[in-house]
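Let's take a walk through this protein together. Have a look at the sequence and the 3D view first, and then we'll go from the overall layout to a few details.

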Amino acid sequence: MTADSAGNDLSAAKIVVTSAFRFAPYDATQKLTADLIAPTVADVKTGLDKIFTKGGFVGLITEDGAPQDSRDADDAIKFHQPGYSINGKASLTAQFTVAEDNDITRQMTIGKPDASGVYHVTDVIQDGKWFCYQETVFKNGTHRRRLGVVNLTGNEQGQDTAGKNTGDAWTIEWIQDDACDSGASKYLQSFVMPKDSSGSHVTDHQADDSESQPVAD
């Protein structure tokens, strides 16, 4: 990607095309490592399939409930000498509205059914940690990959309006956990840049249909 004489690069603009979330129950025997989502990994799905075998994709997300990252933090520690401070402990979250009712969305909200197929509901948020893979595709063909451990901390259920999609607004919090990056990070992130046939980065690239889809089953 190359900037013009004014230092601006239209091909670097963060114009989102689509995104996907994949979840699985936490498994302490599995490890989320950087090599799973490195930009050099062309087939990220194969490496993640073992970890996410008991989970799934939340599927469709509502148009007005697109993913929104957020940061909240304790007050910074300031010192007597001007200009010095230490940032407070941060909480990194993402909000999005799931449009589908499927196995994984039920498992994360109302739990699992009994042998007769009945759910015994005590809450619409299940306790416990989850593995999460998020992939976002930008118009220029870049894929942003995120991998980590989350808690589902919010579930605002939509109104059952006739003829309209009832979406549930979720909030997930990325948490530091030994299973991810040996506890050093809240999540791992990489950027897979569009390339031409020679392997060098291209400029002003517009993603085609195949490049504009995140990893899926």
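Read along the sequence, the protein chain goes β-α-β-β-β-β-β-α-β-β-β-β. That gives two helices and 10 strands; here helices (H or I, at least four residues) and strands (E, at least two) are DSSP runs, numbered from the N terminus. Before going on, keep in mind that this is a predicted model, where local features need pLDDT of at least 70, side-chain atom pairs count only at pLDDT 80 or more, and totals for chains, interfaces and linings use all residues. Residues are numbered from 1 along each chain as its sequence is written, and side-chain values use heavy atoms, with hydrogens and water left out.

Now for the chain as a whole. Of its 217 residues, 36% are buried, where buried means under 20% relative accessible area, exposed means over 50%, and partly exposed is in between (1.4 Å probe, protein chains only). Among the contacts with a separation of 6 or more, 67% are between residues 24 or more positions apart; a contact means heavy atoms within 4.5 Å.

How do some of the strands pair up? Two strands pair if DSSP finds at least two bridges between them. Strand E3 (residues 68–73) and strand E6 (residues 90–98) run antiparallel, joined by six bridges. You can find Gln68 with its bridge partner in E6, Gln95. E6 also pairs with strand E9 (residues 168–175), again in the antiparallel sense, over seven bridges. There, Val98 stands opposite Asp168 in E9.

Next come the charged pairs. The whole structure holds five salt bridges, each a side-chain nitrogen of Lys or Arg within 4 Å of a carboxyl oxygen of Asp or Glu. In one of them, Arg146 meets Asp69, with the closest N and O atoms 2.9 Å apart. Arg146 sits in strand E8 (residues 143–156) and Asp69 in strand E3, so this pair ties together parts that are 77 residues apart in sequence. Arg146 is buried at 5% relative accessible area, while Asp69 is partly exposed at 34%.

Another salt bridge brings together the side chains of Asp177 and Lys129 (2.6 Å, N to O). This pair also links distant parts of the chain, 48 residues apart: Asp177 is in the loop between E9 and strand E10 (187–192), and Lys129 is in strand E7 (residues 129–138). Asp177 counts as buried, with 9% relative accessibility, whereas Lys129 is partly exposed at 30%. Elsewhere, salt bridges that share partners join Arg22, Lys45 and Asp49 into one network. Within it, Lys45 and Asp49 have their closest N and O atoms 3.0 Å apart. These two are four residues apart in helix H1 (residues 44–49), so about one helical turn separates them.

Finally, turn to the surface. Ile77, Phe79, Tyr84 and Ile86 form a nonpolar patch there, with about 440 Å² of accessible area together. Patches are made of residues with over 30% relative accessible area and no salt bridge: like charges are joined within 9 Å, nonpolar side chains (Val, Leu, Ile, Met, Phe, Trp, Tyr) within 5 Å. Ile77 belongs to strand E4 (residues 77–78) and is partly exposed, with a relative accessible area of 48%.

Key:
Areas by Shrake-Rupley, 256 points an atom, 1.4 Å probe, with all protein chains shown as cover.
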